[in-house]
Structures are given as C-alpha cells and as structure tokens.
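Take a look at the model below. We will walk through it in short steps.

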Amino acid sequence: MKFTLKIWRQNGPHERGQFVTYEANEVSPGMSFLEMLDGVNQRLLTQGEEPVAFEQDCREGICGSCSLVINGIPHGPDQGITTCQLYMRRFSDGARITIEPWRARAFPILKDLVVDRSALDRIMQAGGYISVNTGGAVDGNVLLIGKDQAETAMDAASCIGCGACVAACKNASAMLFVAAKVSHLATLPQGRPERASRVSAMLEAMDREGFGTCGNQSECEAVCPKSIPVRFIANLNREYLRAGIVESGLPSESQSPYAESS
Amino acid sequence: MVRLFSHFQSSVGKKMVIALTGLGLVAYVVFHMLGNLQLFEGPQALNKYAAFLRDIPILLWTVRIGLLSLVVVHIGLAIQLSMRNRRARSVEYTIHRYRQASIASRTMTISGIVLLVFVGFHLLHLTAGVIDLGFSERLDSEGHRDVYGKVVHAFQNPFIVIIYLAGQLGLGLHLSHAISSSLQTMGLERAALNRLLQGLGVAIGLLVVLGNIAIILGVFLGIVH
Amino acid sequence: MRRLDSKIPSGPLESKWDRHRFSEKLVSPNNKRKLTVIVVGTGLAGASAASTLGQLGYHVECFCFHDSPRRAHSIAAQGGINAAKNYQDDGDSVGRLFYDTIKGGDFRSREANVYRLAQVSTQIIDQCVALGIPFAREYGGQLANRSFGGVQVSRTFYCRGQTGQQLLLGAYSALCWQIERGQVTMHPRTELLDLILVDGQARGIVARDLVTGHISAHTAHAVVLATGGYSNVYYLSTNASGCNVTATYRAWKHGASFANPCFTQIHPTAIPPGDAHQAKLTLMSESLRNDGRLWVPRAPSDYRSPGDIPSADRDYFLERRYPRFGNLAPRDIASRAVKVVCDEGRGVGPGGQGVYLDFSDVVEQQGLEVVRERYGNLFDMYHRITGEDAHQVPMRIYPAPHYTMGGLWVDYNLMSTVPGLFVIGEANFADHGANRLGASSLMQGLADGYFILPYTIGHYLATAKLPSIPDDHADAREAMRLVAARIHRLLAVQGRRTAAMFHRELGTLLWNHCGMSRNEGGLTSALRSIPTLREEFWREVMVPGSGESFNQELEYAGRVADYLEFAELLCHDALHRHESCGAHFREEYQTEDGEPRRDDGRFAYVAAWEYREGAVPILHKEPLAFEFVPPTMRSYQ
C-alpha cells in the first residue's frame, strides 16, 4: 500500500509550523499506524534528515502517550482505540492522510506532533488523590463497596490521560478528564471526605491552565479511547454544585466512610 | 454565601448560571406561547388576556425587568465564556471532523444571535409597535387594546411571516440543544431520569416552536382572520 | 573477590522482617527534612517509593523520561496482583504464597526476601483500597479474587484487565499529593544518563532534559533506581518501546553487581510477529489457554488451511507432552514447547513462527455465546491487529520476551553493592528467582516501594557518613563531562544506518542464541558477534540533529548503545550457568524427554557480575540456602 502523508512539522513551541508532505511506500495492511510512521522516519534518517517527532510508548492502548489527529479526528477514524491500535488496513490504498498534533493553548507544541500535556498532571496535583499515608490502612474488606458502585468507579477510572477529549473539543475543554477522576473518587466511599475540596480545586486548576468550557457536544466521549461517557461530566457538575453548597457552610461534610460501616 | 457566590465565578459556575438563566427564559417562552395560543379562541379572549397582563403595572415591569436581566446575564456570560473558549484553541485544526455533535450544538452562537436579533425585532414590532404604527392604538369593541387585530394584520404580510419563521427556526435550534445541555450542566445524570428529561427537553422545544408557528401560519393561511 | 553480604537477618523465617525493622536505626523527623533522596522511574515501585518517602518527610527528587509519571510501563500489566489474604478461605496463607513463589522461581530466589514479600502482600491490598483503587467486587461488596497463573488458590485481586493501570494511577495519585505538598519535586521528560559517586557512595545522577537537551547534575544523600527491566534488549518484546537498561547498566559500570541477567521470561501467548517492520509484540491474556487448545500440523511444511487439516494430522503438543497440565502448563514450559515444534518446521503463519490456539472444541461444547462472553474483547483485539476472525480460523500465537527476573543485585535492604544505591521493582533481581509467576510483579513493585524501601533506606541514611556536597562537586562535573562527550560521540558518527537497524539485528541475534533455549555454541558465537556489531554501531550509526534540542533519535541511540554492551553480560551469564532452571534452558542440560535438568549441587547460587573495563566481567556467587523449603524438581507431566 502507498499513502501520501501531510504531516505538521514545527521545531519548537515558539516557532512557526507548517505541513510537509511525505510519501509512505511499501506499507503492509498489517502495519499499525505508528509502524507506518516508523517506516517514514527510517527513510528520513537514512537520507540524513530529522525524523518526525511523535509520542508513543506501550503501543497497546494503555499508556496514553500517542496523540495524533488523523484526518481531523483524534486517534483516527475508529472509535474506542488509541492511535497505536489503528492499523493501516483501515485506510484505502493511495489515500491522503493529514496528521496534526493535539491543538490547545494548554498543550503547547514541543516539536512536530509532540505536545506538552503537563497541564493534566497539574490538575491531578491540585486534588486528584485521596490523602492517606502509606501504612496503617484498615483491612480491604472493612469497607463494603457494591459491585455496581465499583464498576461505575472503574468505568471512570479507566481514563488513560491521553488528552484526546481536549483535542476533540471545540473549546479545548478538559472536562471529561476532570470528570473521570472526580467521578472515580467521589463514587467510592474512600473518596468522600475530600470530595468537595477536590472538585473545586481540580476545576480551579483546569481554569488556570487555560482550558475552555464544556459545550455538552459529547465529541470527547466519541473520541475517548476508553469510551468514557459524558454522564460523568454531569456527575462532575453535580459534585461541583454540591461542593458549593457544602463550602458555603450549609450542611456539614460527611464523616469518614469507615464510621458508617462499623 | 460569599463563598457560594465565588463558587459561580469559575467557568463551570458560569456555565451553571447560563443554564439557569436559560431555563428561566425557556419557562417564559413556554408561558408566552401558551398565552398567545388564545388567538385561536377569538379576539375577545386574546385582548382580554393582554389587558389582564397590563392591568398590574408592577407585575408587568417586574417581569420585564426580570426577563431583561436574565437575558443580559445569559448573553454576557455566554460572550465571556466563548471568548475564553476561543483563547483555549489559539491555532485551529486544518481539518476538523465532528463525530457526533448535533447541528444544534454546533450552532449555538449563531442561533443565539439570530434569536437576539429576532427578539429585538419582535419587541419593536409587536410590543412597542414602532415598525407598524397602524394598529398600536386601536381598541376593540370592549375597549381593550386590539392585540388580536394587530397580530392578524401582521401575519398577513409575507415578509413579516418569513422573519418570524426564521426567528422560530433560531429558537427551535437553540432550544433543542439548550434544554438538555442545561440539565447536564446542572448535574442531572441519573440514567433513566436523564433520558426522560432529555426527551422532555426536546418535547418542550418542539412544542414552543410548533405553537408559535401555528399562530403565525394560522393567520397567514387564513384559518384565523 | 567481593563478598556479597545479603544481610539476611537470622532467626525464624516468620519474624525476620519484624525483628529487622526493630533493629533498624531511625532518622528523626528534623533530620529527614535535611535529607534528599533521588528516585529514578515512576512505575509501581518508583511512584510508591517516592510518595512514601515524601510523606515520611524526606525531600524527594523524582525523575522519569515520560511526559508524565503516569505512563510508566507498569500501566500495561493486565492480570492482577497476588496477596495472601485468604479471603476465599481456600487454604491460602503467607506460607503458601511464599512456597508457590519459591517453587515457581525454580529455587533460585532468597527465602527471606520471598517470605517478606508474601507477608507485606496483604498490606498492599489494604493500602490500595484506601487509595481508592476500584478493585473488582462481589455482589456482597467484598473484594473479588480470581485464580491466576496455574496456582491452586484464588488470591489474585484485579480491576478488569487493567490492574496495572489502576495500581499505577493509585501510586501516581499519591505522588501527586506529595508534589502538591512540595515534598517531591518531579522532573518529567528527564532521563538518567549516569550516576554520580562521591567517595564510593551513590550521591546523585546526571540527567538530560529531553526537551531542551540540557544536561544537569542532581545530588542527594541516596539514589533509588526503579527503572524496570531489559526485555527490550531482544528488540521485539511486549515491553513499551521506551523501556531500557540504561540506568541499571550505568550503575553496573559504576560497581553495582548485576545478578542473574540470563533469567528472562518469555510469555507464551503473544500475537506472532507479522512482518519486518513490526516494532512490538502484543500480549494476549494467558486466560486464553483455559479454553483454547494449542496445536500444529503433525508433518512439517503442511500448508493446508487449518480447517482442512483433519484431527489425525494435528499434534496437540502440550496435551501430548504434559498430559496432567495440558494447555495450562506454566509459562516457561509452554513457551519452550512452542519453540520446539516451530524449530521442527511445523510452525504456522508467516515465517513459520506461530502455533494455533484453537477454540473450535469449546465452541462446539459450550456454544459460541459462552466463548464470546469470556474472550470477546481479546478476539476483538486479535481481529484488529491481524485482520483475522478467531471465531472462523484458529488464533496464532507465539512466545515473546516479557519480563526480566534478573537485575541489579541487592541485599535484604534492597541496597546494591554501591553504598547508597537502592534498586527496587523489576530493576532488582530479588524475588522471582528463575521464573516469575503471574500477578507477582505488581506485588513486588508495590511491596518494595510502599513497605520495604522506606524502612531500609532510613537505616542507611541514619548510619552512613554523608558529608554535604555541592551540585558542582568535582565528581559531578566529571560525570557531566563524560555524558556530554558520549552524546557528542553519538552525534559525530553521522553514518548511514539507523539505531533501529542495529537494535533489530542485536535482538534477532539474542533471540536466536540467548532466547527461549540456549546452548554453548550459540552463546559463544553471540559473544563473538556482539562486539563486532557494537563496533559497526559506533562507526556507522546515524543520529541527526543536535544534543541541545528535543531529539528522540538521540535518546534511542543512547539506549541501543547500552543494549549493545549489556547483551554481552547477558550471554556471559547464560553461558556460565550449566543447568536448566526456570526461564533459563540450556539444551545440554535436559532429560531424555526434553525436560530441564536443574543442578542444585553446582548452581544453587545468585550469579552477581562485577564490571571490569575492557575485560570479561567477574562472577561473584551468593549461595542460596533453602532452610524452609527443600528444593524439589518441578514436574508438570
């Protein structure tokens, strides 16, 4: 198979970028999209040119490194997968493929197709955790958690932090990312004591990083490689509303989850 | 309470205020449509209803000022957030393909502007009567202001009908995303309830638009005269 | 000759760890604030260690080469994590987990370490629950377990097929908290390129900022390496492409002994390589072997399509050779059996590298629906990668390098032979012996990071003499100079071959001669070829761009350069071990029916290799005594 690739090249965050066209020849249908790019890079290298920088690591759809907008869609034409899980048999021979980086002010381009997603880490640092010290935890079965509840938490927790939701959103909003983490921890009793401060802090950090706001278009859900549903965004909103009421001092925050089960 | 207020300073908080003011305006358009449907009961009913609304000036002006402030807050915050959103993506994609976003959700700004222009026209036209002076002061047989006559006269004019239908298109487009979107923003997500409310949202939007169109076309097609 | 002091506490096995902890010196809270610890790597071991040390009050400088600590390869572990909780009341206990791990490791691990691992395994689960990890639950709300890796009890805790991801995100969230508190300074996109030793103690690292290319020295009072394994030395493996041996190899060159490098685990059920461009092998869950039957055509070069081969012409080789365990034989045994039939020319698919994993019998017996429900997502994954529908034609599988039991030698305190250099997780050699059991790597990573290192490092910091040193100490400056010179050398070659070409060639060489089965002739020829390949690399490699910029090819070439040296060490170890044990199979040492022959009389030791510049590394032996579990032969026939 042969392809014509239009790839975004940019040397650094403050430099001007542009599309450069490359030919990808001798592509087999069983190659992954990234292996196809590897092939292009190998050829560039033997010609003494700088290869196209793109991010990848596990190549099995879980680390969240890969991040390409392929023909206008983050992670490409298939749903529920990452770029590394996309195979060339999905494209017709001779196709023109446009490859762009994630585009968002909060994700400055470092080089070519590599963007800086540390804004997501800073949102996590603002409150995406349960503050418990190592050691001294009670037995894992002290706290009974319903199967449905555990499954819902797991649905939310499966976020791989790739940032495709931001890339797909018209407003470059990180709401689905924040929603996944907030919902995961707010669904579980262990996360309840800090739920009000957590949601406020994480959303505040999201605003600070320059992400946009949610337009409820659900594009994020459609490109999410883990198909995290937008109902978690509603959940995030409810958590935020609840936090506003709690923080204004009306009802008091619930006690330790372990208190009710003992 | 200060903290609660500051809670609404965040982008999500502002979205909530937009949602709430929007829902308030939805309630108004429903009420407005239902009231106007009295057109089909004949001149007496509609004119009497109009007179009733004007009889208590405090109520009238409270509602007017309330509506105006809802509109101002709604639009003001929407402008603020869309400026923020524009900044959030400083460089646009060369190709950007939507996967599932509805047409309505993608045109909220445009439908909002259409709606705003239309409402302005509508106020000048039928409320203030600036556009068509002929009927503004006419009284009916019972001494009420002849709103019925004014409406019938207006919608016999095909240009006016086109403008109003365009306005309804804007309204319908805006509402079909706005109602369910507002509910999502306010955090309603219990799966079963959510489907019900989403359905209700579309139903309300459709009902308002259909009701309004019924009035416009009812006159234009000569069913009401 | 260096004496390897394992510092294993005396006394009964059950109380070694407790007594050891009591005898350890503590660092007072005031002093902790003045102490800095460097943690390199943010997988399960690194993230859990960094967060716990931060919590204890140390200042931690934490490094990872990824853009975010959350992307370390622990994230890809699927199956689960073992713990001796005995929640199922099926006869599990700390003792049994200890026994299974020792036996599974084919009696090449330390009893004291493994017992401690089994002991703290229960604490790990409690800690992870407290951190909000959404483990699978029963309807009654209790934690669910499954049986994994051929053991007789259900002790594996799991989060769907993403246990590694959830455990890592838990450790990452704990790390985020400490970063927010200012206890941990995180350096993402920063790669360790060398260690800094001052007066024989590990006192810092030299790191390169992968965005700007800036090389800097970071000094501390101790250094912890949590940099994972080296399966990628084989080029094709199930590891992430970034996984590398650089950190541990650099430490080795500074005097840290490297233990049992030849113990490399090959996982039987990966999707076979498709073509020469393939960059990675994808693992399929081992659970497929519960219902699938492995077979190849009875005759070599039988190119009929699988459906046309009648059962009389099929060889269900695992069932034939291991009637008792059949298709569920342990990883090392199954992998080897696959290799044997492929070497006989009976392999299927491209290049004859593959065997069928056939579900048609179970579909016939239990119906398509049952199979779809159990393995639907795996069949989908297989379909996406190969374009074949495993409901119609049998799956093809082939073994792939997956995990490395070998690593830097550490004592009971997880400290290497370099004072102040601690090694945790897959990067050390300690707990899995010659073969790792399923769901045990997550357990070991978190045990080291949350519960063992934070104690043992305290004793070192409390007792060692650690004069303060400035960041521009002469030794640090010298280390930086060497790193810069090496980068310059890589860039200066300007040859015509890419680093990937050398890496692939090295990988093929190792896979053929030091892979699933090894023999003296192959290993000696590999030891002859590797230096030649290395010379070619330094003569012909092409690394474009500059060192002062974002340069992925430079990062990669540096890692390949280290593989090209490390591969020799791997072969030396494999050559010297004249026995077959666990994942290490020497063709000369097998029984008549092709089963491995272990030699406890001569090889019941840890082989710890010491670096010698320009010479064959020196072997040191740490004898392994089995006081509590007498070694037996593993038999699965």
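How many residues does the contact take from chain C and from chain A? It takes 66 from chain C and 64 from chain A. Two residues are in contact if their C-beta atoms, placed from the backbone, lie within 7 Å.

This is a predicted model: local features need pLDDT of at least 70, side-chain atom pairs count only at pLDDT 80 or more, and totals for chains, interfaces and linings use all residues. Residues are numbered from 1 along each chain as its sequence is written, while chains are lettered from A and ligands numbered from 1 in the order in which they are written.

Stay with the side of chain C that touches chain A. Nine of its residues, the largest share, come from α6(C). Helices here are DSSP runs (H or I, at least four residues), numbered from the N terminus. By type, this side has 28 nonpolar, 25 polar and 13 charged residues. Ala, Val, Leu, Ile, Met, Phe, Trp, Tyr, Cys and Pro count as nonpolar, Asp, Glu, Lys and Arg as charged, and the others, Gly among them, as polar.

Now look within chain C. Its domain assignment gives domain 1 (266-402) and domain 2 (474-603); such bounds come from an automatic or database assignment. Their centres, taken over C-alpha atoms, are 30 Å apart. Seven residues from each domain of chain C make the contact. On the domain 1 side, helix α9 (residues 331-346) of chain C gives the largest share, five residues.

Finally, turn to helix α8 (residues 231-247) of chain A. Of its 17 residues, 13 are buried (20 or more other C-beta atoms within 10 Å of their own), so α8(A) is largely enclosed by the rest of the structure.

Conventions:
Helices (H or I, at least four residues) and strands (E, at least two) are DSSP runs, numbered from the N terminus. The expected span of a helix is 1.5 Å times one less than its number of residues. A residue is buried if 20 or more other C-beta atoms lie within 10 Å of its own, exposed if 12 or fewer, and partly exposed in between; C-beta atoms are placed from the backbone.
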